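Q: I have a model open and want to go through its fold. Can you take me through the strands and helices?

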Amino acid sequence: MAHILIVEDAPDNRTIAELILQSAGHTVISIGDGASAVSIAASIRPDAILMDLSLPQLDGWEATRRLKANPATSHIPVI
């Protein structure tokens with residue numbers, strides 16, 4: 001199955017998404033801020049990223065722009 005990165009600062013929302021995706025057989029890594037999303041995505045290269053837009057440190061809009069500007073992560077779908 002897929003390796004999915006969840007970027008969500010609300011712990012309850014993050015836990016629910018993790019449980020749903022893991023029960024479907026996916027491998028899930030979750031974090032709570034956009035800055036970490038950019039660095040972790042570059043190192044683990046997930047198959048998809050579920051991105052919250054309102055995040056601390058670096059919002060989801062800017063994190064997505066940085067991911068799409070990086071040739072190593074530009075191919076990863078961000079939802």
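Q: Which residue stands opposite H3 in β2?
A: T27 does. This is a predicted model, where local features need pLDDT of at least 70, side-chain atom pairs count only at pLDDT 80 or more, and totals for chains, interfaces and linings use all residues. Residues are numbered from 1 along each chain as its sequence is written, and side-chain values use heavy atoms, with hydrogens and water left out.

Q: In what sense do β1 and β2 pair, parallel or antiparallel?
A: Parallel: β1 (residues 3-7) and β2 (residues 27-31) are joined over five bridges. Two strands pair if DSSP finds at least two bridges between them. Strands (E, at least two residues) and helices (H or I, at least four) are DSSP runs, numbered from the N terminus.

Q: What does the chain go through from β1 to β2?
A: Helix α1 (residues 11-23), in a right-handed β-α-β crossover. Right-handed means that, with the strands pointing away from the viewer, the path from the first strand over the helix to the second runs clockwise.

Q: What is the strand order in the sheet?
A: β2-β1-β3, an open sheet of three strands with parallel pairing. β2 and β3 (48-51) are the edge strands, each pairing on one side only. Neighbouring strands are turned by 20° against each other on average, direction ignored. Axes are lines fitted to C-alpha atoms, for helices over the stretch in contact, and angles run from 0 to 180 degrees between N-to-C directions.

Q: How many bridges between β1 and β3?
A: Four, in the parallel sense. I6 has L50 in β3 as its bridge partner.

Q: Which strands does α2 touch?
A: Helix α2 (residues 34-44) packs on the sheet and touches β1, β2 and β3; contact means heavy atoms within 4.5 Å. The direction of α2 makes about 165° with that of β1.

Q: Switching to helices, how do the axes of α2 and α3 cross?
A: At roughly 20°, coming within 9 Å; α3 covers residues 60-69. That makes the two helices roughly parallel, because angles under 35 degrees count as such.

Q: Which residues of α2 and α3 meet?
A: G34, A37, V38 and A41 in α2 meet A63, R66 and L67 in α3.

Terms used:
Angles under 35 degrees count as roughly parallel, over 145 as roughly antiparallel, 65 to 115 as roughly perpendicular and the rest as oblique.
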